[in-house]
Every structure is written in structure tokens, then in C-alpha cells.
There are 2 protein chains.
Amino acid sequence: MHSILIRNNVKIIGEGSQVIMFAHGFGCDQNSWKFIVNAFLEDYKVVLFDYVGSGESDLSQYDKRKYATLEGYACDVIDIIEALGLKDVIFIGHSVSSMIGMIAALQQPEAFKKLIFIGPSPRYLNDGDYIGGFNAEDIETIFEHIASDYLGWSKAIAAVIMDKPSQPELADFLQECFESTEPSVALAFAMATFKTDCRDNLRKLKIPSLTLQSARDMMAPLTTGEYIHKNTPDNFLVVMKATGHFPHISEPEETIREIKDFIGNKRLSSNPDHQYAS
Amino acid sequence: MHSILIRNNVKIIGEGSQVIMFAHGFGCDQNSWKFIVNAFLEDYKVVLFDYVGSGESDLSQYDKRKYATLEGYACDVIDIIEALGLKDVIFIGHSVSSMIGMIAALQQPEAFKKLIFIGPSPRYLNDGDYIGGFNAEDIETIFEHIASDYLGWSKAIAAVIMDKPSQPELADFLQECFESTEPSVALAFAMATFKTDCRDNLRKLKIPSLTLQSARDMMAPLTTGEYIHKNTPDNFLVVMKATGHFPHISEPEETIREIKDFIGNKRLSSNPDHQYAS
């Protein structure tokens, strides 16, 4: 088998011909899509994968220097697209994978049809008028916690960012994902994530995209979703009823509905809570 | 996506790096592997597909002339192998797919590591001393039944070839597979199957193979399994306890065990009922 498909533990499932590629975020793997993926299997060809260093990927292929930036992770996306000869991909990225997908789409625009960002942020650090939600000390503290006690940190943070106290098993599920990641890989991925600044990239995007912004997200405040919406051509913003950084886990039905509406070009939602226009 | 992967409804699942490709037989599709496939997902990368004309394949790609011979079906196997860059494949073919896999392996020996034949026959027609189990009139009668009343024929034959009266739902499952195939495609596939003569190919095979012969099989009598065993270099023969033409459906545990023993090079079985030597 093409070594890329093994390296990134690529799975292809589903009955359709339109490809949807699901890209997991920091500390997770393809298993994090399990709450929504079945809704797409009847009509789409679904491509799942784990970034090198995550899930069941081939850890021997992990390269510290390559994966010190989001461009390294974007290489994984491009490699998989090339190995499978994908075209017109609908790319769904969670969290940091939103910007990884954008980087990949700027490199190979012909491979992508639409991008969907779930809880995206083009820059986590505040910068003048720009509110990313974190200042430099916050981020250094996070790095220190990950470096000194990754398991303790992930336990502490899982419930907060899941933000779904009525279903504590979801925070447990997230924590288990975090725990399965090698701490040194997690630290390097966190550094690549929190140090990135993708704001200049947004303006260059030439394909339609959707920002799914949860109503309250500790990792990506409303300001980051709005910034993406205002600065990305042909971007649609939906502010979801869901709270937390993982709406595809905590509110799968709403997430599925919004994705299907966007894929099916039903851009104007009847839900008055939504800000939904390009 | 590479059009081949859509055309043949290719699925890739499982966690390992060694590839196992499962190839369904006449009137079936990849769903026919569902009783055994889960046993391989932890340790192998499993490739499933539907031949053009079967299952959820792209019927618009069906070419009467191409699929009038097993060589046409072998093209599907080779196309998928090339699209995915497969190497060292363990190919498991059921029924006519055993010989389809052999044809593919003679064309691209470097792509294959081992072949496993479930209920194979190199030639269904009797020929002098050779006992394939069918004479020319039998086969013409089958073609007439398929042509005039495919549903009636498949209903009549499903229980007989499944040969598992204690679980009538298995014959029903098989019948549903048959019913989902276009009758004209089924007739052409039956003709390609019953008219083939692969006996000369056997001697040319250069990779190890396993013949899983069920104890009583209306489609492939013991003589066909023995013929393959005697005429194929490095072929191992197991006569299973299972009866019927679908041991992977009617006796999944025994089938899984024999496949795993062969893959794991445990060639000599402790089961005294087995004839198990090269």
C-alpha cells in the first residue's frame, strides 16, 4: 500500500462519490468524528486519517522539525490527497485543522471544493485590536503544564473545553483521546498551534468556506470566528446553539445539520439565532 | 478522488500496515465479508471493493465486452492495486474471485504476497478425467434460468449452496445479495465464470496460496480443490469442517482461524481432519 495511507492510518468508508475529508484537531484522532460521521456514509465517500504523531499513525515517521509548524501538518493533508488522487474535496477541519486545511487549500486549490471550519482561530494570541483570547503568558503557562504534567493538564482542561457538564462521559472521552497522544508530540503540536498566525492567509482563499462558531468556546472566542468571516472571501458564519470547543462531539445533530446545509448550498438558515451570510 | 476508488466503491478500514484485500464472488458484494472482516481490523489494513456491476459500484462503468471474461474482472483488481499503490497484498478471493485473483497475480506478481482461495474452481465444466462438477447441459440450464427468471433462480439456489439449514437467515442474506445484482450483469458474470478454464494458469503461480475447501460444496467439489492443490506450486489445501459454498458466512470462526493460520505461517494444523501440506 502507498506508504502515506499506512503512515496516516487512512480510512475510506461510505457509499457516495463526493469526497468529504475529516481532519481532527490537537490531541485527538479520527475517532473524534465518530459522533457525526455515520450521517454522511450513505451519500459521501468519507476519508478519515490521523496526523503523524496522533492516533494510530506511524510514530516512526514523526519529524520534530516538520511538525513544528502547521505547514508540516498541511503536508499530511496534501500527501493523502495526492496518494488517493482526490479532487473537489469537501474538507472539514476541527480547531487547528481549520487553518491546516486553509494552508493546504492555498497550496493546492484545485483539490478542494469547500472548507468547513469547526471552532477555528487564525491566531490564538491577542495582537493589538485583534482578540485571539490568549496572551503570551497564558500560552507559556499552557506549554509549561503540558511539559511538566501532560496527563494532569489534559484532565483539567478536558471538561472545561468540552463544556457539556450534563454529559461528563464526553469530557472523559476527550481526555482519553488526549492521553493517547505522546506528551512530547502534544507539546510540539500545541506550540505549532498557539504560535501560528494565519490571518494573512484568509484573504487569499478562493473557495467557499463555512465557519461553525460555537456560542461559547474557551479556545476560539466569537471574535476569531467573526475575524475569519470578515476577512475570508466567500466565508459563511454560523453561530451555533452548541457551546464548547467540540460541537461535533457535544451537539452532533446540530453540527451535522449545519454541515449538510452548507454542502447542499442551503446557505440561509431559518434559525434566527444564526448569523448566516457571506 | 481517483475515479477507480469511486467506480469500485473501495473502502479501506483497519489499523495494521499489512494489506488484506477481500474479493467477493458472483452475485455478491463486499458486504458478504461482514461476518469475518472485523477479526482482521486490529492487525491489518483491509481493502474492500465491489466489482463493476456489483454492489454499490458505478454501473455506468459496466462494459459488456470487458466483463465477459475473468480477465476483465482481474483488471478491476489491478486498477485498485495501482490506484492505492498496494504492494505485498494478501488477496482473499471467494469462489470465482479465487481465479480472478490468480489472473491478477500472474499479471502483477510483485503486488501480491499470498493468495487465499475460498471454494475455488479452475474449471467448472467436466473435461475428460477432470471433474469440475458440471456438464455442458447443466450450465446451459443455469444460464436459461438466470435469463428467464433470475429472482426465482437465485431464491431456489441460495439455500442449496449456502447449505446451512439450521440458520435459514443466512440463505436469505445470500438471496438478498443476489437480488441486488442487475440480472443482465448476473448472467454475463455467470457466463464468464462457468466458461472459464484457468487450469493452465495454476502452474505459473509463484507465490504461496491456500485453498479453503469446504467439506461439501455444490459449486466446487473436492476434486477442484484437490486439482488446484496438486497443480499449483506452493499451494496448501485445507478441507474444512464447514459445508456449503460460503464458509466465510456459514462458519466464520473456522474461516477466520484458517486464514490467520496461513497468514501467520502456521501451516500444519493440529486438526486431524485437515489435509494440510504443500
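**Cysteines and aromatic rings in a predicted model**

Colleague: How far is the sulfur of Cys198(B) from the closest cysteine sulfur?
Modeller: In this predicted model, the closest cysteine sulfur to that of Cys198(B) belongs to Cys75(B). A disulfide requires two sulfur atoms within 2.5 Å. The separation is too far for a bond, because it amounts to 14 Å.

Colleague: How many disulfides does a search of the whole structure find?
Modeller: Cys28(A) is in no disulfide, as the nearest cysteine sulfur, that of Cys177(A), is 4.8 Å away. Over all chains, the number of disulfides found is 0.

Colleague: Is Cys198(B) buried or exposed?
Modeller: The relative accessible area of Cys198(B) is 2%. Buried means under 20%, so Cys198(B) counts as buried.

Colleague: What describes the pair formed by the rings of Tyr62(B) and Tyr67(B)?
Modeller: The ring centres of Tyr62(B) and Tyr67(B) are 5.4 Å apart, and their planes meet at 15°. Planes under 30 degrees apart meet the criterion, so this pair is stacked.

Colleague: In which helix do Tyr150(B) and Trp153(B) lie?
Modeller: The rings of Tyr150(B) and Trp153(B) are also stacked, with centres 6.2 Å apart and planes at 25°. Both residues are buried. They are 3 residues apart, about one turn of the helix, and that helix of chain B, residues 136-162, is H4.

Colleague: Over the face of which residue does Lys114(B) lie?
Modeller: Elsewhere in chain B, the charged end of Lys260(B) sits over the ring of Phe40(B), 5.4 Å from its centre. For Lys114(B), the distance to the ring centre is 4.8 Å, and the ring belongs to Phe262(B).

Technical notes. Residues are numbered from 1 along each chain as its sequence is written. Chains are lettered from A and ligands numbered from 1 in the order in which they are written. This is a predicted model: local features need pLDDT of at least 70, side-chain atom pairs count only at pLDDT 80 or more; totals for chains, interfaces and linings use all residues. Side-chain values use heavy atoms; hydrogens and water are left out. Buried means under 20% relative accessible area, exposed over 50%, partly exposed in between (1.4 Å probe, protein chains only). Rings of Phe, Tyr and Trp (its six-membered ring) pair if their centres lie within 6.5 Å; planes under 30 degrees apart count as stacked, over 60 as edge-to-face and the rest as tilted. Helices (H or I, at least four residues) and strands (E, at least two) are DSSP runs, numbered from the N terminus. A charge sits over a ring if NZ of Lys or CZ of Arg is within 6 Å of the ring centre and within 35 degrees of the ring normal.
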